[in-house]
Amino acid sequence: MPVKHRKIALMGFRGVGKTSLATQFVEGQFNEQYSPTIEHTFCKTLKVSDEEYQLQLIDTAGQDELSIVPQNYSMNIDGYILVYSLTSTKSFEIVERIHSMLEDKIGSAIFPVILVANKSDLTRSRQVSEEAGQRLAEKWKGTYIETSAKSKENTARIFTTLLSSVEKSRDRTGVRVRHSSGKVKKAKEDTSRCLCS
Ligand SMILES: Nc1nc2c(ncn2[C@@H]2O[C@H](COP(=O)(O)OP(=O)(O)OP(=O)(O)O)[C@@H](O)[C@H]2O)c(=O)[nH]1
Ligand SMILES: [Mg+2]
């Protein structure tokens, strides 16, 4: 079976833990120190349901109201992980806005997406309820997962769940998400676009 190349973007407000989730998943490490990301690509091979994947994870610079979408990486993304911190209402508002922006760009309200409530080890400082997170993910027809990059809770699950959802979406529509023009492109195993080969 050939390796399948999939490209996934991590988006969300500054400091919610996007880099920490990717680092925990790819390198098995957690860093207490905060170092804001400019943009970074992680690569990881993994097996899901007997299929081998080469994952390219685009770890974006945190978005805010003024910089919801960096233009340059938004092509050929197969699925999205939208991350907020359950200790920050503001970060929850930002993921809603990012999703709306993606709907406009993709030209569809439905695309493979996982809504991640990170920092589940800090539930004593929780500002966003589990119900609110669940409701939002349902609205998007996505999946809600609570994680802790620190304790490792569910960190691998967000990536494997998203991959399954990407595969279902490709099976159903024969297309994958494509941006900019709002058009979609026939699915094929396009290895040339993968920086991780
Ligand atoms: N307690 C706790 N702290 C976390 C968790 N995830 C990340 N952090 C901390 O939160 C801070 C920000 O984490 P990052 O992973 O850099 O956040 P980011 O979303 O990549 O931030 P930007 O790159 O600026 O967008 C760091 O100090 C991390 O150690 C978590 O699950 N629990
Ligand atoms: Mg980061």
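Me: What makes a set of residues here the largest nonpolar core, and which members touch the most others?
Reply: In this predicted model, a nonpolar core requires buried residues of nonpolar kinds joined through C-beta atoms within 7 Å. The largest such set has 41 residues, and Leu10, Tyr80, Ile81, Leu82, Tyr84 and Val116 are the ones that touch the most other members. Two or more residues each come from β1, α1, β3, β4, α2, β5, α3 and α4, with α2 giving the most, 6 residues.

Me: How do you know which residues Ile81 touches?
Reply: Contact is called when C-beta atoms, placed from the backbone, lie within 7 Å. Leaving aside residues up to four places away in sequence, Ile81 touches Ile8, Leu10, Ile114, Val116, Ile158 and Leu162.

Me: Why are some residues of the protein called buried, and what percentage of the 197 residues is that?
Reply: A residue is called buried because 20 or more other C-beta atoms lie within 10 Å of its own. By that count, 36% of the 197 residues are buried.

Me: What makes a residue part of the shell around ligand 1, and how does the shell divide by residue kind?
Reply: The C-beta atom, placed from the backbone, has to lie within 6 Å of the ligand. There are 23 residues around ligand 1, with Gly17, Thr19, Ser20, Thr37 and Gly62 coming nearest. The shell divides into 6 nonpolar, 11 polar and 6 charged residues, and helix α1, spanning residues 18-27, supplies the largest share, 3 residues.

Methods: Residues are numbered from 1 along each chain as its sequence is written. Chains are lettered from A and ligands numbered from 1 in the order in which they are written. This is a predicted model: local features need pLDDT of at least 70, side-chain atom pairs count only at pLDDT 80 or more; totals for chains, interfaces and linings use all residues. Helices (H or I, at least four residues) and strands (E, at least two) are DSSP runs, numbered from the N terminus. Ala, Val, Leu, Ile, Met, Phe, Trp, Tyr, Cys and Pro count as nonpolar, Asp, Glu, Lys and Arg as charged, and the others, Gly among them, as polar. A residue is buried if 20 or more other C-beta atoms lie within 10 Å of its own, exposed if 12 or fewer, and partly exposed in between; C-beta atoms are placed from the backbone. Two residues are in contact if their C-beta atoms, placed from the backbone, lie within 7 Å.
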